[in-house]
Amino acid sequence: MTDLQTRRGPVRTAPPTGAAGAGTAPSTGAARAARPGPLLALVLGGQFMAVLDTAIVNVAVPTVRTDLHASGAALQFVVAGYTIAYAVLLITGARLGARYGYSRLFQSGLAAFTAASLACGLAPATGWLIGFRLLQGAGAALMVPQVMSIIQRTFTGRARIRALGLYSAVLAGGIAAGQVLGGVLVSADLFGAGWRPVFLVNLPIGLVLLAAGARLLPDLPGDRERGFDLPGLLVLGAALGLLVVPLVLGHELGWPLWGWVLLGASALMFALFAVVERRIARRGGQPLINGRVLGAAGLLPAVGAVFMIMLAFAGFMFSFALHQQAGLGRSALRAGLCSAPIAVGFGAASLYWQRLPRRLHGVLPTLGTGLLAVGYLVLGRLLGDGSGVGAGPLVLTAVLGLLAGCAYAPLFGRALARVAPADAADASGLVVTAVQLGQVIGIALLGSVFLGAVDLPASARGSGHALLVTTVAIGGVVALAAGFAARAGREEKREEKREGRREGRREAGEEG
């Protein structure tokens, strides 16, 4: 079997077995990529820009405040507007890709993201900047779900496993790179532009990717006959918006009453979404999230574990950066560089976890998350006295990154292992939304834990104590992830046994 499927017709692959087969679902209807390496670089480049922009703007906030005379609430919307639009519209972007074509939607989203980045860099006032940030998030939401769908429909076997590893590395690296690159660009004050280069840097990259996409993206047409489920999209979008907005803005605004009202309303909207989807399915329609996807063995617990891991990772990165800058008095650039070891460890483990002994592959998610929970607690003890971030804590953060990657990457593959390519858009939208919501909620909730334990700027000891409290909370989150990972493993083993019995019956029938 080749790693890339032919364009001329469907190719059937064997069902996955074990961790090594993660992400190798049957690939009917996939397209061939003539140049798989450049294609992967192209789609992951778009993914990297989208992740980068969730972090890069944080460093520029003080300069934006001074230059545009922005209020605190306006600055929150500058930072959060992108994340809110991105998270709320991801599922919509996935469904549009399935209907109108993954490559077309990737290019459209990339073009919108690039144009909005240019507009952000040229924004004359805060209101314009907020509006353009919302458009930038919408462009990312159109582009990002197509990345996973293109990988699912273009790569098979070990090529797909490696692609998923690189995808995980990009998620981790983008967060850390955003902090470092933001510090570099703002400190450099290129041509006296201050904060504007943090947005304008996307322009040349986006133009190069658009030109490459016109040549490299495979022909992956959508299914125009597929239902759009507008009621489901509207209800889910409202539910996500009601959830994300108060979580992102709550702490800065002092957790006002309206925020709690919105959170309660979001729970009701999620319940309404479930009712709407069941009704559409009973009527023979095509619900937003297909029941076949939700019923795939191991998908839901694997998605839950992925969500928890990203929640912990993003929350730690945010709190760790605050501790270094507002507690230890370090520059944004130095804080970003100290965050690099955990991101490098995460990316390296995502790429190379399969080189570990095969007998460990099945237990890696549970073992990795269990050790990760302990590791966060140890790191909190090391940094809790505010003594600074020395070589020992930095080495430990790299180990935490390795553990997170060893758990996250197999879980990501496990979540998609038995999803048919025809359902790739639904599955990728679900998984990517879980990843993005994990980041949003991690920063909001764990950031609130940190900020609730200390008033910044603070002494090194006070900030260290807040970080200790936060790492205890993170340890609890990762322990929950371990439980979800164990359940995903059990479901996968049960499915493998059922497949074995079915194969045995087929062989017996052929012999008879």
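Guide: A helix here is a DSSP run of at least four residues, and helices are numbered from the N terminus. This model is predicted. Let us start with the pocket.

Visitor: Which helix gives the most to the lining of the largest pocket?

Guide: Rolling a probe the size of a water molecule over the atoms shows where empty space is left. In this model, the largest pocket has a volume of about 1,400 Å³. Its lining takes in 40 residues. Asn58, Gln76, Val79, Phe318 and Leu322 lie nearest its centre. Helix α16 gives the most to this lining, with 8 residues.

Visitor: Which other elements give two or more residues to that lining?

Guide: Besides α16 (424-452), they are α1 (36-68), α2 (72-100), α5 (157-188), α8, α11 and α12 (332-338).

Visitor: Where is confidence lowest and where is it highest among the elements?

Guide: Read pLDDT as the predictor's confidence in each residue, from 0 to 100. The chain mean is 82, with 89% of residues at 70 or more. Helix α10 (residues 291-294) is lowest, at a mean of 74. Helix α3 (residues 102-122) is highest, at 95. Over residues 1-29 the pLDDT is below 50. That stretch still has 82 contacts in the model beyond near neighbours in sequence.

Visitor: What span should helix α9 have, and what are its end C-alpha atoms apart?

Guide: Count 1.5 Å a residue. Helix α9 (residues 257-282) has 26 residues, so it should span 38 Å, and its end C-alpha atoms are 38 Å apart, which agrees. Helix α4 (residues 126-154) has 29 residues and reaches 42 Å, close to the 42 Å expected.

Visitor: How many residues of α4 are buried?

Guide: Buried means under 20% relative accessible area. Helix α4 is mostly covered, with 22 of its 29 residues buried. In α9, the buried residues are Gly259, Leu263, Ser266, Phe273, Val276, Glu277 and Ile280. Helix α8 (230-249) is part of what covers them. Just after α9, Gly284 takes a positive phi of about 85°.

Visitor: Why does Thr114 count as buried, and what is it in contact with?

Guide: Thr114 lies in helix α3. It has a relative accessible area of 2%, so it is buried. Leaving aside neighbours within four places in sequence, Thr114 is in contact with Asn202, Leu203, Gly206 and Leu207.

Visitor: How many residues has the largest nonpolar core, and which have the most contacts inside it?

Guide: This core has 116 residues. Val43, Phe106, Tyr167, Tyr408 and Phe412 have the most contacts inside it. Helix α11 (residues 299-327) supplies the largest share, 15 residues. Take Phe412: beyond four places in sequence, it is in contact with Met148, Leu164, Tyr167, Val306, Val431 and Val435. A second, separate core has 23 residues, among them Ala60, Cys120, Ala123 and Val198.

Visitor: How many residues apart in sequence are Leu164 and Pro410, and how many Å apart in space?

Guide: They are 246 residues apart in sequence and 9.2 Å apart in space, C-alpha to C-alpha. Leu164 sits in helix α5. At 4% relative accessibility, Leu164 is buried.

Visitor: Where is Val477, and what does it touch?

Guide: Val477 is in helix α17 (residues 460-511). At 14% relative accessibility, Val477 counts as buried. Setting aside residues up to four places away in sequence, Val477 touches Met308, Leu311 and Ala312. Val477 and Thr369 are 108 residues apart in sequence, yet 9.8 Å apart in space, C-alpha to C-alpha.

Notes:
Residues are numbered from 1 along each chain as its sequence is written. This is a predicted model: local features need pLDDT of at least 70, side-chain atom pairs count only at pLDDT 80 or more; totals for chains, interfaces and linings use all residues. Side-chain values use heavy atoms; hydrogens and water are left out. Contact means heavy atoms within 4.5 Å. The expected span of a helix is 1.5 Å times one less than its number of residues. Buried means under 20% relative accessible area, exposed over 50%, partly exposed in between (1.4 Å probe, protein chains only). A nonpolar core is a set of buried Ala, Val, Leu, Ile, Met, Phe, Trp, Tyr and Cys residues joined through side-chain atoms within 4.5 Å. On a 1 Å grid over the protein atoms alone, a cavity is a set of points where a 1.4 Å probe fits but cannot get out, and a pocket is an open set with protein on both sides within 12 Å along at least five of seven lines; lining residues have an atom within 4 Å of a point. Grid points are joined across faces, edges and corners, and a volume is the space filled by probe spheres set on the points.
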